[in-house]
Amino acid sequence: MKIDLTDTTASKINKALVEGRRAIGTPAVGMVLTMVIVTDEENAYDSIKAAEEASHEHPSRTLVVIKRHVRTPRDRTNSHLDADVRVGADAGTGETVVLRLYGEVSEHADSVVLPLLLPDAPVVVWWPVDAPEVPAKDPLGALAQRRITDMYAVETPLAALEARAASYAPGDTDLAWTRLTPWRSMLAAALDQARSKVTSAAVESEAENPSAELLARWLEARLQVPVERVVTAGPVVTAVRLGTKGGEIVIDRPEGPLATLSLPGQPSRTLALKVRSTSELIAEELRRLDADEMYAVALSGDDSAREESRA
């Protein structure tokens, strides 16, 4: 069910949500969190689709904030709010409200969003593109327990990584880090089997890949060895090599959804290691809303950041 509201207010949007739930026969609110997506028109469709797919695992109220750019001084004074309210099958397993802010109201998006948050429920803010320099100090970011950015969406990912490291606050995370979860799991399992001290390491990836840099910094912090960055044709991270006295531990994924795991003295094995969709990444991030200590470690390349994150 879809309800279009023009030149509306937050109270009218809340009323439309209640009417929509009653119309489809589900008056009870069963959402577990509020997700706020701050994006533009170009990226709104893909972002909403990813959030709706993730809502099958985490039923949520999704508020999509789109700040429309004004072209003339007259448009700047014409401040108003349009909303597209979706409930039922049109919104995954939760509710979706697309908010289009015009004029001066776009500078106060937090005032529009605040009355629409679910009471006594966590808030997650996701910037698919154009994230603020300091997410924790952004007016919308300040409302959230979890703030999600994506360094893949910027022109200079490694510069963005340094900015994230400088501005990190507990609750921050990035999809460039989430993409590494299968790699980290396989590396941990491989080291458990090899049981040898790692003396050298290398991460192979395409150039300017933020996930590869985070992975290298995480390995440096956890293994206390220098990690070589090797540029390949990609796509994304293609291999990790860990040198030990007994031989080399290698996870190699040159392309496709399969990787090869090689351990000293053992036959090679084929493992599933696909590139996951955005909806899968978002669903993983919503499984835990506390501070991601390992992300803090990876940003700084220093394991002491884990204690700082706890503080």
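In what order do the 8 strands of the open sheet come, and is the pairing mixed or of one kind? This is a predicted model, so keep that in mind throughout. The order is E1-E4-E5-E3-E2-E6-E7-E8, the sheet is open, and the pairing is mixed.

Look at the edges next. They are taken by strand E1, residues 2–5, and strand E8, residues 172–174. Each has a single partner strand, so one side of each has no neighbour in the sheet. From one strand to the next, the twist averages 15°.

Trp126 has Ile148 of E7 as its bridge partner.

Now helix H1, residues 10–23. With 14 residues at 1.5 Å a residue, H1 should span 20 Å, and the C-alpha atoms at its ends are 20 Å apart, so the two values agree.

Which residues of H1 are buried? They are Ala10, Ile13, Ala16, Leu17, Gly20 and Arg21. Viewed down the helix axis, the buried residues of H1 fall within an arc of 130°, which means they line one face. That set packs against the strands E1, E3 (60–67), E4 (80–87) and E5 (95–102), and against helix H4 (109–113). On the face turned away from the buried side, H1 carries the exposed residues Ser11, Lys15, Arg22 and Ala23.

After H1 comes Gly25, with a positive phi near 85°.

To recap: E1 is an edge strand of the sheet, and E1 is also among the elements that the buried residues of H1 pack against.

Note on methods: Residues numbered from 1 in each chain as written. Predicted model: local features only at pLDDT ≥ 70, side-chain atom pairs only at ≥ 80, totals over all residues. Heavy atoms only, no water. Pairing = 2+ DSSP bridges. Helix = DSSP H or I, 4+ residues; strand = E, 2+ residues; numbered from the N terminus. Axes fitted to C-alpha atoms, helices over the stretch in contact; angles between N-to-C directions. Expected span 1.5 Å × (residues − 1). Buried < 20%, exposed > 50% of the residue type's maximum accessible area, 1.4 Å probe, protein only. Arc of directions from axis to C-beta. Contact = heavy atoms within 4.5 Å.
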